[in-house]
Amino acid sequence: MKHIKIRHTVDTVITYIIILAISLVFLFPILWLLLASFSRSGSLYSFDGFFPTEYSLDSFKKLFTDTALYNYPRWFGNTLFVASMSCLFGTALTILTAYCMSRYRFKSRKALMKTTLVLGMFPSFMAMTAVYLLMTQFNLINSHWGLILIYSAGAPMGYMTQKGFFDTIPKSIDEAARIDGATNAQVFLRITLPLASPMIVYTLLSSFVWPWSDFILPQLLLKEKDLYTVAVGLMSLGDDEFARFAAGSMFIGVPIIVMYFALSKFLISGLSAGAVKD
Amino acid sequence: MTHPKVRKQHFKTVKEIVKRANGKVVCSACIMGLGQFLYRQWAKGILYLLIQIAAICFFVFVGAEAIAGFFTLGTIESNAWYGIEGDNSVIMMLMGILAFIVLAIYLYFYYANIKDAYAMQCAVEQGKKPRTLKDEMRSMLDDKFYKTALFVPIIGVCIFNVLPIVFMILIAFTNYGPDVKPPVLIDWKGFESFIKVLTLGQFAPTFFKILLWNIVWAVLSTALNYFCGLGIALLYNKKCVRGKAFWRMFPILAYAVPGFITLLGFKFMFSYGGPINQMIVEAGGKAIGFLDLDAKWSARGIGLVVNCWLNIPSSMLLATGILSNMNRDLYEAAKIDGASAFKQFTAITLPFVVFATTPILISQFIANFNNFGIFYFLRGGGLIADGYFLASDTDLLINWLYNLSISNDYYSIGAAISIIIFLFTSAVSLAVYVLSPSYRQEDTYQ
Amino acid sequence: MNKFITAFSVHMAVILALIVSIGTVATLSKTQGEGAEKFTGELERNVTIRILENDTAIKQGYLKELLDAFNEAYAEYGIVAEDANMDQYSDLENDGPYGKGPDVLYQPNDQLMRYVPDRHILPLPVEELDCYEAVGQAAWDAYYTKVGANEYYFGVPVNVQGPLLYYRKDLLPENWQEEWDENDNEIPDMVESWNKLYEFSLERRQGNEKFGYMRSFLEPYFSVGYLYSYGGYSFGNNNTDPTDIGYSAGEAEKGGWVIRQLASAMNEWCIDDTITVNAYSKLGDGSYFATMTTPDVYTMFIDEMMKNGMTRAEAEENLVTAPIPMLPKSGDLTEEDPELIPSKMMGGVNGYAISSYTKAPNACLAFVDFATNYEMIKRRNELLGIAPARADVAQEIGGLSEVIQNNLEEGNIVIMPSIRENAQMWTPLQTLFTDLAKDPFRDADEMKYDSLDKIKAALERVDQQVYDAIHTLK
């Protein structure tokens with residue numbers, strides 16, 4: 001018994017060492033960026049080694065007060081709006097698509113699956129010209145809704161991940177409910193969705209992150225500086241503004257971290273349910 | 001693409017309708033909804049009639065002109081100096097494709113309308129009541145729920161994904177280039193761009209060199225991302241780990257900051273004046289050009305590592321989500337049988353995860369194959385390597401394509417090359433996909 | 001079968017008949033617009049025109065002053081000018097035709113002239129403008145082009161961009177008047193000749209702490225001038241003939257040799273863009289003695305020097321801008337008493353152009369006229385430190401503005417080619433310059449450019465690459 005306990009302890013220690021190492025690898029560049037944003041000189045190359053020599057809050061102050069040319073608070077609001085809307089619509093469409101592709105057998109299903117796979121292979125920037133022209137015709141240039149439309153419409157293309165997940169949920173659960181007289185729509189809403197909560201969280205996060213950090217599409221469609229999203233805005237900063245760039249980059253991460261913590265209990269809900277059984 | 005058996009059945013229905021349809025059904029073929037009226041299905045009749053009226057309005061006011069424009073690509077050149085508003089060839093092509101899509105949708109409804117009328121005929125012949133609109137609606141929420149659910153996504157994907165791709169494919173058959181772009185009128189040129197691409201001497205060596213590296217890159221980076229992500233997810237899932245949500249936060253940090261920002265950060269770190277070289281020099285070494293012109297393999301290696309750093313967090317999240325759905329009983333059973341942890345992993349965890357993630361693996365492979373950002377940001381995208389035509393030795397096909405088509409405006413040539421690449425990559429990944437267990441045996445875990 | 005064909009035909013016939021009949025009516029009612037001259041001289045009333053200016057002008061408050069002054073002057077016509085609120089480099093070709101572009105654009109000449117072949121900007125009646133006489137011919141030439149038999153000007157020059165040498169007076173050796181002023185003209189020799197600057201750089205160098213002249217070679221804009229100085233050129237026939245590419249022309253390889261020597265006096269930072277980014281802070285803290293850049297970043301050096309403890313007055317006293325030093329005719333920076341030739345550097349002319357898609361061309365012209373008048377240009381210089389294209393303003397303020405003005409007229413500032421193919425030159429050149437700059441840091445047996453012939457061959461390769469980029473795919 002003691003022997004097992006020792007082995008267990010060693011295992012735990014090693015596990016923690018690896019976890020610490022991984023955490024450090026992921027933390028370090030971010031920490032570096034964070035400290036750079038507090039640099040007093042504003043320039044990266046005045047650092048001694050990795051970190052700035054002097055710290056101050058100037059870049060953050062500038063970020064939120066000096067808005068004549070770079071209106072960061074406004075960009076932030078724009079991005080938040082676009083990303084949350086696209087996240088909601090995109091997730092709904094993706095989950096719905098994945099569910100149908102996993103649960104139904106209809107005649108054009110396999111063809112659809114293969115087509116979406118193949119469509120994803122086309123170099124996307126080549127199609128950007130067409131997207132731009134299309135939006136000029138729909139009069140959606142300089143409009144956040146135009147962006148939301150494109151993000152949401154494109155989201156179901158990535159349904160494969162979610163379908164893979166639905167494929168692992170036993171069908172017997174559905175069938176039991178069907179016997180009780182529920183329609184397919186009801187089965188989906190009341191039974192499958194709650195079971196899929198980890199996958200929904202993943203989808204929510206990833207469909208939030210995409211519009212949140214994308215800069216190609218907003219750069220294409222948003223011409224007015226006041227409408228910019230954070231990514232486009234940061235890219236438009238001058239060479240000499242690294243500290244401000246770093247500060248702006250830090251804030252961009254905050255909503256995603258918040259979202260992660262708010263949703264993490266759903267992400268691991270399945271796990272904890274399993275753990276209770278032990 | 002349709003399954004042969006399905007297609008056969010399809011033809012059978014068409015044949016049957018043609019042979020057996022009565023006058024009322026033919027009326028529906030003449031004016032949509034008329035047959036339904038004759039069967040006293042007013043609601044359905046009105047619906048089909050409205051569709052027909054809407055379609056006619058569309059084609060009369062916009063569609064017909066758009067389709068004509070698709071073939072001519074414009075006849076009047078505009079001259080902005082004198083305010084002459086002429087034709088914009090690319091817009092005409094785009095609207096033409098859109099009109100064809102609408103036409104296809106219309107024809108689908110037209111066919112559905114005849115089929116519906118025929119179904120009524122059959123029902124009446126068998127002495128049953130024809131299905132009403134209400135019946136149909138109910139079925140749309142039940143056994144045909146997929147039709148309701150997929151309608152919006154499919155329309156969206158058609159307009160914002162398929163249409164642009166079709167547009168780009170068609171561009172390859174025109175002379176759209178640096179000297180021929182709106183307001184200059186564009187013309188259809190058939191296979192001219194393809195011939196140019198295939199006969200150019202400088203072209204083939206660069207293409208194959210880049211292709212080879214691109215494949216190596218895609219395989220390596222996908223494998224690394226996938227297994228590291230899975231490994232980390234399993235590690236964090238271990239029972240002995242307390243505060244899982246907290247530990248998981250660190251990779252999420254990397255996920256939270258947009259990729260292009262961290263890429264610019266990494267580029268700086270590895271630059272000559274960056275912190276890494278600073279430390280090397282302070283330790284008495286010589287500054288290393290990690291990403292400079294001569295740094296073929298070190299730049300490639302850094303690209304791989306940085307790409308891992310960027311993508312592992314999302315693989316980890318995904319694997320965590322999938323693992324949480326695993327049937328715990330299997331482990332219990334395995335434990336009772338005395339299986340080792342390693343055995344449990346290879347016999348239970350791995351097959352399950354691989355099954356659930358093969359499609360993801362393929363889509364990650366595609367994403368990595370077409371990973372534009374990594375070397376564009378890391379190496380600035382402004383170098384030409386020896387023996388390459390307008391590309392550097394770390395460029396992937398997509399970067400090269402960007403240099404050719406976007407930086408230099410060679411749209412038709414770029415489109416032609418992307419079609420060639422596209423045919424190649426889609427054939428490979430389609431083959432892998434069709435052969436994979438998650439495609440062939442979708443029902444394993446259901 | 002038959003009945004279905006009939007039914008389908010009837011169905012199609014109805015639709016086609018409707019399309020044809022209504023279509024004909026629509027075509028009849030549409031009349032072809034006849035082209036008309038846009039600059040009638042009659043100001044449009046109650047219009048708003050959108051002005052695209054550069055970021056510095058917005059940041060320093062110049063644009064606001066300009067707009068306020070203009071709006072006041074033209075209030076009686078109801079003409080209002082406003083900030084277009086767009087990216088300073090935004091491409092009119094993408095925005096204009098769809099009605100999203102600005103009405104008046106301030107951009108560099110190479111970018112503005114790219115809009116000409118497809119008629120995105122209007123030819124201007126420049127003789128009517130207040131600044132017509134005051135701006136020199138060399139600046140106007142940047143906006144000149146021939147379309148068919150007609151000659152046109154498409155932009156109105158505002159300021160000349162050309163590189164300058166920035167150095168710290170307080171970092172000169174104490175005894176420079178005795179040791180470093182052989183011609184006794186009260187100007188240190190090291191800012192007059194590259195040979196002396198090279199010598200001084202080697203002398204001042206202390207590991208990675210202290211340097212003399214520092215400048216990244218990565219950017220062709222600042223490096224191609226060395227090739228120009230020895231007879232190289234971008235495109236033949238005054239930068240208008242894209243079939244003739246001449247980076248290797250004349251004795252351009254000597255320019256490459258100069259780059260290689262200068263790099264050896266720096267460290268590896270000159271290979272990538274490290275110095276471009278850190279020049280401000282490193283000059284500010286005294287690590288660098290001198291660097292080369294454009295006039296508009298003057299204030300950034302001052303800011304950095306103030307961060308290192310100087311007052312504004314001290315910083316302005318110690319930061320000196322000078323014309324680019326002379327080059328040795330031999331291309332050898334170690335030569336004693338060399339024969340000197342002037343440095344030719346790449347430059348540009350920034351100016352205003354009017355979008356073809358504007359609804360109020362005459363109001364736009366009035367705006368351009370207003371913005372390029374004597375007072376506004378002078379004000380622009382005061383706030384932004386630019387070198388005006390107007391000779392009268394340049395003369396009055398004197399100093400560097402006059403130097404740049406003269407350099408332009410004498411041909412020592414080579415204006416960026418205005419032809420579209422210009423876009424193809426940057427990548428091949430950048431590759432060569434980074435390779436040249438790296439050469440001194442390679443091990444002796446790996447050096448690629450240790451003789452003039454090798455550099456010549458490399459330049460010829462660049463010519464070929466640029467040529468290929470322009471022509472192979474056509």
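Reader: What percentage of the 446 residues of chain B count as buried?

Author: The model is a predicted one. A residue is taken as buried if 20 or more other C-beta atoms lie within 10 Å of its own. Among the 446 residues of chain B, the share that counts as buried is 45%.

Reader: How many helices and how many strands does chain B have?

Author: The secondary structure of chain B includes zero strands. Its helices number 19.

Reader: Why is chain B described as more spread out than a compact globule?

Author: For 446 residues the globule rule gives 22 Å. Chain B is more spread out than a compact globule because this value is well exceeded by its radius of gyration. Along its principal axes, the C-alpha trace spans about 95 × 80 × 35 Å. The radius of gyration of chain B is 29 Å.

Reader: What distance separates the centres of domain 1 and domain 2 of chain B?

Author: The domain assignment places domain 1 of chain B at 4–190 and domain 2 of chain B at 196–440. Taken over C-alpha atoms, their centres are separated by 40 Å.

Reader: Which classes of residue make up the side of domain 1 of chain B that touches domain 2 of chain B?

Author: The contact draws 10 residues from domain 1 of chain B and nine residues from domain 2 of chain B. By class, the side belonging to domain 1 of chain B has six nonpolar, three polar and one charged residues.

Reader: How many residues of chain C are in contact with chain A?

Author: Chain A contributes 16 residues to this contact. They divide into four nonpolar, six polar and six charged. On the side of chain C, the number of residues is 18.

Definitions and conventions: Residues numbered from 1 in each chain as written. Chains lettered and ligands numbered in written order. Predicted model: local features only at pLDDT ≥ 70, side-chain atom pairs only at ≥ 80, totals over all residues. Helix = DSSP H or I, 4+ residues; strand = E, 2+ residues; numbered from the N terminus. Rg over C-alpha atoms; globule rule 2.2 N^0.38 Å. Buried ≥ 20, exposed ≤ 12 C-beta atoms within 10 Å, placed from the backbone. Domains from an automatic or database assignment. Contact = placed C-beta atoms within 7 Å. Nonpolar A, V, L, I, M, F, W, Y, C, P; charged D, E, K, R; others polar.
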